[in-house]
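Morning, everyone. Here is the model I want to walk through today.

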Amino acid sequence: NVTTLTNLHVLARITGVTPAAAAEQNGVNIYGSGFFDIVSIKFNGTNAAHLVLSPTNIFAAVPGGARSGPITVTTLENVAISSTNFVVLPAITSFSPTNGLAGTSVTINGTSFYEVSGVRFNGVPAVYVTNSTTQVTATVPETAATGPISLTTPDGTATSSVFVVDPLRLGIRPAAVNLVVITWPGAATNYILEATLSLTPTISWTAVTNTPALVDGQNTVTNSLTGGNRFYRLRK
């Protein structure tokens with residue numbers, strides 16, 4: 001007797017995903033079986049570009065706009081769903097400017113900026129505003145030092161290359177007889193300009209009462225030297 005097999009259906013199933021978390025546009029290997037006649041690959045419902053390497057392996061790119069959730073492989077026979085959620089990690093792709101003083105506003109661009117819970121400059125928390133899922137604006141905190149920017153969401157933390165925190169320097173130049181012009185960057189706000197006649201152990205600093213004017217992006221104060229030369233500093 002000869003038995004003829006007809007309507008043999010091979011169902012797809014997913015047994016593993018490597019890596020289990022990645023940022024948008026990164027490659028992911030999906031392992032399983034029955035990967036025949038693929039209709040679509042989706043990351044939590046978002047279609048992904050993919051390449052079927054074999055009936056047991058599919059290579060896919062995490063699609064833009066995808067959220068963390070299950071991966072599905074749809075064939076002509078069935079829909080296979082991953083047993084665990086794939087995590088779409090946030091990523092920082094650029095920031096501008098790449099350096100600045102404390103108080104500088106920095107635009108951070110990237111992907112998967114969902115439910116941002118914190119932005120830090122080299123570990124120091126910063127005030128920030130989430131503009132969109134691809135952009136955040138943050139202010140360089142007063143105590144920040146040169147180092148990476150990090151952005152945290154429920155899905156993970158993205159880390160950038162180094163942001164350079166510029167040192168705060170005073171510029172001093174003569175303006176006329178017994179007059180000097182003191183300048184410092186306009187981004188450095190809420191500082192008090194102080195002066196002293198001598199750097200002795202009993203040094204006494206006095207606030208310069210002139211209100212700074214913003215000239216060409218610089219806080220600018222003209223001060224008299226009547227009574228002797230002076231040393232100047234900024235105090236927060």
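First, a term: contact means heavy atoms within 4.5 Å. With that, Thr56 touches Ile30, Tyr31, Gly32, Ser33 and Phe35, leaving aside residues up to four places away in sequence.

Some ground rules. This is a predicted model, where local features need pLDDT of at least 70, side-chain atom pairs count only at pLDDT 80 or more, and totals for chains, interfaces and linings use all residues. Residues are numbered from 1 along each chain as its sequence is written, and side-chain values use heavy atoms, with hydrogens and water left out.

Back to Thr56. Where does Thr56 lie? In the loop between strand 6 (50-54) and strand 7. Strands here are DSSP runs of E, at least two residues, numbered from the N terminus. Thr56 and Gly32 are 24 residues apart in sequence, yet 4.8 Å apart in space, C-alpha to C-alpha. Thr56 counts as partly exposed because its relative accessibility is 40%. The cut-offs: buried is under 20% relative accessible area, exposed over 50%, partly exposed in between, with a 1.4 Å probe and protein chains only.

Now Ile30. Its contacts include Thr56, Ile41 and Val73. Ile30 is also among the residues with the most contacts inside the largest nonpolar core, which has 19 residues. Such a core is a set of buried Ala, Val, Leu, Ile, Met, Phe, Trp, Tyr and Cys residues joined through side-chain atoms within 4.5 Å. Strands 3 (27-33), 4 (38-43), 7 (57-61) and 8 (71-75) each supply at least two residues. Strand 4 gives the most, 3 residues. A second, separate core has 18 residues, including Phe95 and Leu151.

Technical notes. Helices (H or I, at least four residues) and strands (E, at least two) are DSSP runs, numbered from the N terminus.
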